[in-house]
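The following note sets out some remarks on the model under review. Please read the points with the sequence and structure at hand.

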Amino acid sequence: MTTTPDTGRTGPAEYRTGRRESPEERADRRWSDLLQEVRVAQTGSQVLFGFLLSVVFMARFPGLSDFDQGLYVATVVLGALATGSLAAPVAYHRIFAGHRLKPQLVTAAARLVTTGLVLLALTISSALLLLLRVATDDSASSSWIAGAVMLWFLCTWLLLPVLHLHRHDGPLSSPPAGAGPPARDPPDSDPRAPDPPTAGSTTADPPTADAARAAPPAPGSPP
C-alpha cells in the first residue's frame with residue numbers, strides 16, 4: 001500500500017492485504033497488545049483509587065458539605081468500578097485458559113477495557129470537581145473546569161483516534177474484483193547455477209581429452 005507523502009491518505013483504488021496469520025495467531029497478537037494497554041491504564045487507575053481511599057481519613061473530611069461528601073462517595077465508586085473493569089481481563093483469562101477460546105477472550109476483554117477507560121475518565125473528572133470545590137469554594141467555576149476536562153478526554157480519547165482512523169484507513173480491506181494477487185519478489189537464484197553468458201564469450205566449453213577420445217572418428221579420416 002502506498003500513501004501520499006504530504007497527507008498520508010490512501011488513494012481510492014488502493015487496498016491493504018494485512019498480515020497473513022491464522023485466527024489463533026491474530027488472537028495472540030491482539031491479546032499481547034491488549035495487555036500493554038491495560039498496564040498503562042491500570043497504573044493511573046490504581047494510583048487515583050488509592051488516593052481517594054485515603055481522603056476519608058483526613059481531618060477536614062467531616063467538615064465537607066453533604067453535596068461534597070456525596071460527590072466523594074460517587075467518585076470512589078467510579079474509581080472502584082474502573083479498577084475492576086481494567087483488571088477483569090485477568091479473571092477472564094484464568095477462566096478461559098485451556099478452552100481454546102482465545103478470540104472470544106480478546107473480544108470480551110477489549111469491551112471491558114473500553115468500559116474501564118470510560119469509568120476512569122468519569123472518575124478523574126469527578127475527583128477534579130471535588131478537589132476544585134474544596135480548594136476554591138466556587139461551585140460555578142469548578143463545574144466549568146471539570147466539564148472542560150471531561151470534554152478534553154472526549155476529544156483525545158475518542159474523537160481524535162476516530163478522525164485519524166478515518167483519515168488513514170484504506171477504503172477497501174480486500175482486493176477489488178478481478179485484481180490478481182499482490183506481486184511477489186522473484187525467488188533467490190541458486191548459487192550453484194552457472195552464470196549467464198556475456199557478450200563476446202563462447203556458449204559452450206571446449207571438449208575435454210576424454211570426450212575427444214570417446215567421440216567416433218569422422219568419415220575419411222585416417223585411423
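1. The model is predicted. Within it, Ser126 is found in helix α3. Its relative accessible area is 10%, so Ser126 counts as buried, the cut-off being under 20%. Leaving aside residues up to four places away in sequence, Ser126 touches Leu71, Thr75 and Leu78.

2. The length of helix α3 is consistent with its residue count. The helix runs over residues 102-136, and its 35 residues should span 51 Å at 1.5 Å a residue; the C-alpha atoms at its ends lie 50 Å apart, which agrees. Asp137 follows α3 and has a positive phi, near 55°.

3. The largest pocket holds about 570 Å³ of space. Its lining comprises 19 residues, and those nearest the centre are Val113, Thr114, Leu117, Val118 and Trp157. Helices α1 (23-55), α3 and α4 (139-168) each contribute at least two lining residues, with α3 giving the most, namely eight. By class, this lining has 15 nonpolar, one polar and three charged residues.

4. The second largest pocket holds about 310 Å³ of space. It is lined by 13 residues, of which Phe51, Val55, Leu130, Leu131 and Val134 lie nearest its centre. Both α1 and α3 supply at least two residues each to this lining. Its classes are 12 nonpolar, no polar and one charged.

5. Which helix gives the most to the lining of the largest pocket? That helix is α3, which also supplies at least two residues of the lining of the second largest pocket.

Methods
Residues are numbered from 1 along each chain as its sequence is written. This is a predicted model: local features need pLDDT of at least 70, side-chain atom pairs count only at pLDDT 80 or more; totals for chains, interfaces and linings use all residues. Side-chain values use heavy atoms; hydrogens and water are left out. Helices (H or I, at least four residues) and strands (E, at least two) are DSSP runs, numbered from the N terminus. The expected span of a helix is 1.5 Å times one less than its number of residues. Buried means under 20% relative accessible area, exposed over 50%, partly exposed in between (1.4 Å probe, protein chains only). Contact means heavy atoms within 4.5 Å. On a 1 Å grid over the protein atoms alone, a cavity is a set of points where a 1.4 Å probe fits but cannot get out, and a pocket is an open set with protein on both sides within 12 Å along at least five of seven lines; lining residues have an atom within 4 Å of a point. Grid points are joined across faces, edges and corners, and a volume is the space filled by probe spheres set on the points. Ala, Val, Leu, Ile, Met, Phe, Trp, Tyr, Cys and Pro count as nonpolar, Asp, Glu, Lys and Arg as charged, and the others, Gly among them, as polar.
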